[in-house]
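This report covers the sheet, the nonpolar core and the ligand shell of one structure, in that order.

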Amino acid sequence: MMALKHLNFAATLCTFKDPVTGRMLEMRYMSLDDLDQVCLLEEKIFPNPWPLNAFMSELMAPYSHSFTVRDRKVVAAYAVTWFLDEEFHLSNIAVDGAYRRHGIATWMMTEFLQMCRKTGINIAHLEVRRSNTSAVKLYQKFGFSVTGVRKNYYESEHEDALMMSCKL
Ligand SMILES: CC(C)(COP(=O)(O)OP(=O)(O)OC[C@H]1O[C@@H](n2cnc3c(N)ncnc32)[C@H](O)[C@@H]1OP(=O)(O)O)[C@@H](O)C(=O)NCCC(=O)NCCS
């Protein structure tokens with residue numbers, strides 16, 4: 001399993017055999033070289049995509065750990081996580097449409113939560129759009145439950161965010 005922020009961007013942290021393609025996917029720390037592909041995916045997937053400088057700030061922040069999942073040179077998924085003193089926050093996770101329902105997000109979440117347990121973190125938090133049923137189901141699979149609502153959090157779509165937490 002991965003060690004926290006050793007900043008060896010070339011190192012594969014862990015692997016997962018895609019059950020659909022049979023290919024081995026690799027999880028690595030996100031690097032500056034990944035940002036073109038990550039931003040393209042972010043724009044394809046989200047109505048209010050994070051801009052490039054948001055990902056760059058995350059790469060600089062000591063508490064923030066960003067990851068990519070690669071299928072050879074192609075970024076198939078990515079995530080931005082915060083490992084704080086006593087809590088974990090999932091800031092962003094996305095899987096390219098072509099790779100969905102292959103179990104990739106499940107693998108990523110399993111790795112993140114395992115890392116939390118190893119580093120003594122015992123609570124995980126995230127926010128998700130109320131309408132995002134696939135993501136809500138993913139989080140519920142890991143034991144996350146709704147702990148609050150941020151009304152109109154996604155202002156341009158007038159949509160609430162569900163705050164979800166999970167004790168580890
Ligand atoms: C949510 C997302 C990350 C799931 O990624 P994924 O790799 O396809 O997820 P998995 O294959 O590991 O599926 C895990 C679970 O999520 C749920 N799920 C995923 N896609 C689903 C769908 N289309 N409909 C219903 N449930 C779904 C299921 O509970 C699934 O478990 P199961 O296969 O045992 O039923 C992916 O759909 C995505 O990138 N969505 C767009 C970005 C996004 O919404 N990110 C979350 C922001 S909070």
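Two strands are taken to pair if DSSP finds at least two bridges between them. The model is predicted, and the strand and helix names used below follow DSSP runs numbered from the N terminus.

By that criterion, strand S2 (residues 24-29) pairs with strand S3 (residues 64-71) in the antiparallel sense over 4 bridges. Within this pair, Arg28 has Thr68 of S3 as its bridge partner. S3 also pairs with strand S4 (residues 74-83), again in the antiparallel sense, over 8 bridges. The S3-S4 hairpin has 2 residues between its strands, and Arg72 there takes a positive phi near 55 degrees. Further along the sheet, S6 and S8 run antiparallel and are joined by 7 bridges.

| Residue | Partner | Strand of partner |
|---|---|---|
| Arg28 | Thr68 | S3 |
| Arg70 | Val75 | S4 |

Which elements supply the largest nonpolar core? This core has 33 residues, and Val69, Ala76, Ala77, Tyr78, Ile104 and Met108 have the most contacts inside it. At least two of its residues come from each of S2, helix H1 (35-45), S3, S4, S5, H3, strand S6 (123-129) and strand S8 (159-167). S4 gives the most, with 6 residues. In soluble globular proteins, nonpolar side chains tend to be buried together. Val69 is in contact with Leu25, Met27, Ala76, Ala77, Tyr78, Ile104 and Met108, leaving aside neighbours within four places in sequence.

The ligand has 19 residues around it, of which Arg100, Ala105, Thr106, Ser134 and Leu138 come nearest. By class, the shell around the ligand has 9 nonpolar, 6 polar and 4 charged residues. Strand S5 (88-95), helix H3 (104-118) and helix H4 (133-141) each supply at least two residues of this shell. Which of the helices gives the most to the shell around the ligand? H4 does, with 6 residues.

Conventions:
Residues numbered from 1 in each chain as written. Predicted model: local features only at pLDDT ≥ 70, side-chain atom pairs only at ≥ 80, totals over all residues. Near = placed C-beta within 6 Å. Nonpolar A, V, L, I, M, F, W, Y, C, P; charged D, E, K, R; others polar. Core = buried A, V, L, I, M, F, W, Y, C linked by C-beta atoms within 7 Å. Buried ≥ 20, exposed ≤ 12 C-beta atoms within 10 Å, placed from the backbone. Contact = placed C-beta atoms within 7 Å.
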